[in-house]
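Subject: Structure handover

Hello,

Here is the structure for you to look over. My notes follow below it.

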Amino acid sequence: MPVFRKDPCGIICIFMTYLAVFYADYVVVRWIVIQTLHNSLWGAFHAVVFNSIILLLTFSHLRTVFSDPGIVPLPQSKLDFAELHTGTQKEPTSKDDYTVCARCETYRPPRAHHCRICQRCVRRMDHHCPWVNNCIGQYNQKYFLQFLFYVGILSAYAVILVIFSWIQDCADCHKDKVTTQTRILHSIILVVESGLFGLFVTAIMCDQLQAIFGDETAVEQAKQQGPFRPRKPRLALLTEVCGRGSPIFWVLPCQSPPKDLDLISGYDV
């Protein structure tokens with residue numbers, strides 16, 4: 001079921017994300033391909049590849065934004081939390097036990113945490129990301145990893161194209177002063193933008209992979225809860241997020257992440 005948060009900060013961040021992406025596309029097509037590669041098939045090749053990456057980036061970002069991260073459904077009828085409020089509720093005896101969220105007033109499965117922005121509990125919640133205006137949880141972490149991957153690839157690709165356009169000898173390039181200065185200005189802005197975004201998503205990607213391989217979300221790390229279960233192979237942990245299919249399909253946002261039916265997302269009453 002699609003979700004969307006009416007968070008002003010998240011909406012602004014989404015707008016800034018697409019503004020940066022479309023500006024990069026404008027600079028690459030208008031000031032690199034058309035200016036320096038218009039008489040070569042390499043120009044068409046780079047334009048198609050660059051925009052294909054943007055398409056995959058956009059698709060993975062939108063799926064992260066609108067996908068249910070693993071929201072724990074609210075009960076259909078009001079539960080009796082008299083024991084909880086009076087202090088007679090027993091504490092969980094293991095990490096496999098369900099807990100009670102005092103804010104949602106519902107039972108939540110293991111590793112679910114309450115998000116103060118979404119105002120709901122999310123299964124295997126890692127963090128709330130304003131750049132996607134959504135929580136990163138069990139059902140959309142794969143799309144978030146894909147988004148980071150494509151932003152990193154796009155940033156590196158843009159820097160390489162700018163460097164290549166300036167080191168090669170271009171006899172057909174416009175030599176007038178205004179065009180050259182404009183091209184230089186856009187190229188500098190694109191390199192700075194790509195460098196900042198590239199380093200930013202690389203750091204987040206490393207943090208996400210560390211959380212997956214350590215079997216410990218960012219919320220669990222902050223609470224110092226330790227690993228959720230005994231150590232498992234890294235490939236098995238990554239498969240739980242990306243799916244059991246071929247690793248080639250892990251980078252395609254068209255394939256949905258796995259949903260473990262053994263973990264109940266709600267509590268029927």
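Predicted model: local features only at pLDDT ≥ 70, side-chain atom pairs only at ≥ 80, totals over all residues.

In which loop does glutamine 119 lie? This residue is in the loop between strand 3 (113–115) and strand 4 (120–122).

Mean pLDDT for the protein chain is 83. A value of 70 or more is reached by 83% of the residues. Two stretches need care. In residues 88–95 the pLDDT is below 50, and the model gives this stretch 11 contacts beyond near neighbours in sequence. In residues 261–269 the pLDDT is also below 50, with 16 such contacts in the model.

Next, the record. The unreviewed UniProt entry lists residues 12–34, 40–59, 147–167 and 187–206 under "transmembrane region". I can describe two of these spans in the model. Residues 40–59 are 95% helix and 0% strand, and the end C-alpha atoms lie 30 Å apart. Residues 147–167 are 100% helix and 0% strand, with 31 Å between the end C-alpha atoms.

Now the helix packing. Two packed helices are described by the angle between their axes and the distance between the axes. How do helix 5 and helix 7 lie to each other, roughly parallel or roughly perpendicular? The axes of helix 5 (residues 177–213) and helix 7 (residues 234–242) cross at roughly 110° and come within 9 Å. The two helices are therefore roughly perpendicular to each other. Helix 5 contributes Leu209, Ile212 and Phe213 to the contact. Helix 7 meets them with Arg234, Leu237, Leu238 and Val241. By class, that contact has 6 nonpolar residues, 1 charged residue and no polar ones.

Last, the aromatics. The count comes to 7 aromatic pairs. One of them joins tyrosine 23 and tyrosine 26. Their ring centres are 6.5 Å apart and their planes stand at 40°, so this pair is tilted. Both residues are in helix 1 (residues 8–36). Being 3 residues apart there, tyrosine 23 and tyrosine 26 are separated by about one helical turn.

Best regards

Terms used. Residues numbered from 1 in each chain as written. Heavy atoms only, no water. UniProt positions renumbered as here; feature names shortened; annotations may be inferred. Helix = DSSP H or I, 4+ residues; strand = E, 2+ residues; numbered from the N terminus. pLDDT = per-residue confidence, 0-100. Contact = heavy atoms within 4.5 Å. Axes fitted to C-alpha atoms, helices over the stretch in contact; angles between N-to-C directions. Parallel < 35°, antiparallel > 145°, perpendicular 65-115°, else oblique. Nonpolar A, V, L, I, M, F, W, Y, C, P; charged D, E, K, R; others polar. Phe/Tyr/Trp six-rings, centres within 6.5 Å; stacked < 30°, edge-to-face > 60°.
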